[in-house]
Amino acid sequence: MIDSLPDGATGSTDSHITLGCEEEFFLVDPVSRDLLADPDPQIFEHCRENQGAHKVVREFLRSQIETNSRVCASVAEVRTALCETRTTVIEAAERHGAAVMAASVHPLAEWRDQAPTPRDRYGQFASTFQETVRRAVVGGMHIHAGFADADTRVRVMTALRRYLPLLHALSTSSPFNVGHETGFKSYRLILFGSLPRTGMPGPLGSWTEYQQLVSEYQRMNFIGDGSELWWDIRPSHSFPTVEIRICDVCTRIEEAMTIVALYACLVRQLTRRALRDELPPEPMTELISEDRWMAQRYGVFAFLGDRTSGGGRTDIYDETARLVRDLAPDARALDCEAEVRHALDIIREGTSADRQLDLYRLRRLEGDRREEALRRVVDMVIAETREGTGT
């Protein structure tokens, strides 16, 4: 999101949820299919001149580019925004010798070959975090939701934590790293998790409690401001929103829209419950984190902890089917029923991570060398990144 709203401007009613989406992409050499360690600067200039109401910015690595959508008043508007931002970046890249790839880890890229964007903040990160940040050649998708007042947003943020592993499983797109299978559907979280202040935050009950935590970090000189809390979900430092950050960047727009729709519906439902003081009891953070690990390891094949009966584990399809049924009234109200139901299709058909692995293994069986099979994977992801954009 790029437009700031006054605190509380979104109100407390269902019709005043605002949404915004950030996507981080890789810039790829269309010949070698490796990352472009130093892409043509005119890519970024072209985006700046053609971004319209959105914003396109540089990321920590020169081989990355980030899109920030305008503030959207509906799920449908987010779809339009993602089509527009992806189109802008793809057209700019192709005009200046690059391709655009929406996956959270590049299958082939060697982290030692990458260079940071020359910017003071990034230079400080590199100096402080050393090899942990240099190895983190990753990109993600962040979704903002603006709603209610600050206290309600923090309470809803806490209640949202239990759903994050499922949302993450639906988004997985990073099964490879430095040319090999990792065994994880989302290796991005492994790489990113080596940095401090990442992962699942603890429960917070009010805006004051959140501010006190930020103040303590600042008092000890660990952070400058709340933007350096890189949790899976957080209150945005810049906007009156709650930002989910756990998800891999989705290769297909259709998959991204399912995450957006589920998030919007959860916000709508949990806000109503918060305003009635009827939020459910909080699970232990440690158990949510266990589900999180299962999601990054197995993706849509995960069995998550069962909190609805006598314990044990539950198939992620069953868990998602229950959630789709529970959110049906909210999906109707927000006009995103198809996007919400598509979550079940993603589980049946697999995420980008599953498609990448399937293609890689098929090409290897058919005789491709490892590097050639991985280049085929890159080609597939580049093609899927374009889907729905009209380019």
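Predicted model: local features only at pLDDT ≥ 70, side-chain atom pairs only at ≥ 80, totals over all residues.

**Helix α1 and its buried side**
- Helix α1 runs over residues 42–50, and its buried residues are Ile43, Phe44, His46 and Cys47.
- These four sit on the same side of α1, because they cover an arc of only 160° around the axis.
- What do the buried residues of α1 pack against? Their partners are the strands β1 (18–28), β2 (55–58) and β3 (64–68), plus α2 (75–95).
- After α1 comes glycine 52, which has a positive phi, near 60°.

**Arginine 234**
- You'll find arginine 234 in strand β10, which spans residues 233–235.
- Is arginine 234 buried or exposed? It counts as buried, because its relative accessibility is 9% and the cut-off for buried is under 20%.
- Its side chain reaches the backbone oxygen of leucine 229 at 2.8 Å.
- Leaving aside residues up to four places away in sequence, arginine 234 touches several others, including Met157, Ser227, Thr241 and Glu243.

**Helices α14 and α15**
- α14 (residues 352–365) and α15 (residues 370–386) pack at about 145°, and their axes are 9 Å apart.
- Their crossing is right-handed.
- Among the residues making the contact are Leu359, Tyr360 and Arg363 of α14, and Leu374, Val377 and Glu384 of α15.
- By type, the contact residues split into seven nonpolar, six charged and one polar.

Definitions and conventions
Residues numbered from 1 in each chain as written. Heavy atoms only, no water. Buried < 20%, exposed > 50% of the residue type's maximum accessible area, 1.4 Å probe, protein only. Helix = DSSP H or I, 4+ residues; strand = E, 2+ residues; numbered from the N terminus. Arc of directions from axis to C-beta. Contact = heavy atoms within 4.5 Å. Polar contact = N/O pair within 3.5 Å; in protein donor to acceptor, adjacent residues only side chain to side chain. Axes fitted to C-alpha atoms, helices over the stretch in contact; angles between N-to-C directions. Left-handed = near helix turned anticlockwise from the far one by under 90°. Nonpolar A, V, L, I, M, F, W, Y, C, P; charged D, E, K, R; others polar.
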